[in-house]
Amino acid sequence: MTDQLIELFSEGLDVPADELNDDSSPDNTESWDSLAAMTMVSLIEDTFEVQLSTREIMKMRTVGMARQVLRAKEVDV
């Protein structure tokens, strides 16, 4: 079963999905810079049809934290 959030991060960061997990972050993913982060916000909002607040965006320091933010918005990821 594919993980839609991992696939999204893979696309946004231009990194193979099998190199990403819930612990992936800017600290351990070279292509995750500020521009990639903004791209990820846009992809997440468009894909999951959600609006993220600045506070929610700031919480998403790892893939797993992004998953938690989305689950709190009742998105099934």
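Guide: In this predicted model, Arg67 touches Asp3, Leu5, Ile6, Asp22 and Val77, leaving aside residues up to four places away in sequence. Arg67 belongs to helix 4, which covers residues 63–72. Its relative accessible area is 6%, and because buried means under 20%, Arg67 counts as buried.

Leu5, one of the residues that Arg67 touches, also takes part in the contact between helix 1 and helix 2. These two helices pack at an angle of about 140°, and their axes are 9 Å apart; helix 1 is therefore oblique to helix 2. The crossing of helix 1 past helix 2 is right-handed. On the side of helix 1, the contact is made by Gln4, Leu5, Leu8, Phe9, Glu11, Gly12 and Leu13. Helix 2 contributes Ala36, Thr39, Met40, Leu43, Ile44, Thr47 and Phe48.

Ala36 leads on to Asp33, whose side chain reaches the backbone nitrogen of Ala36 at 2.8 Å. Asp33 itself is found in the loop between helix 1 (4–13) and helix 2 (34–48). With a relative accessible area of 43%, Asp33 is partly exposed, whereas Arg67 is buried. Finally, Asp33 and Ser53 are 20 residues apart along the chain, and their C-alpha atoms are separated by 19 Å.

Notes: Residues numbered from 1 in each chain as written. Predicted model: local features only at pLDDT ≥ 70, side-chain atom pairs only at ≥ 80, totals over all residues. Heavy atoms only, no water. Helix = DSSP H or I, 4+ residues; strand = E, 2+ residues; numbered from the N terminus. Buried < 20%, exposed > 50% of the residue type's maximum accessible area, 1.4 Å probe, protein only. Polar contact = N/O pair within 3.5 Å; in protein donor to acceptor, adjacent residues only side chain to side chain. Axes fitted to C-alpha atoms, helices over the stretch in contact; angles between N-to-C directions. Parallel < 35°, antiparallel > 145°, perpendicular 65-115°, else oblique. Left-handed = near helix turned anticlockwise from the far one by under 90°. Contact = heavy atoms within 4.5 Å.
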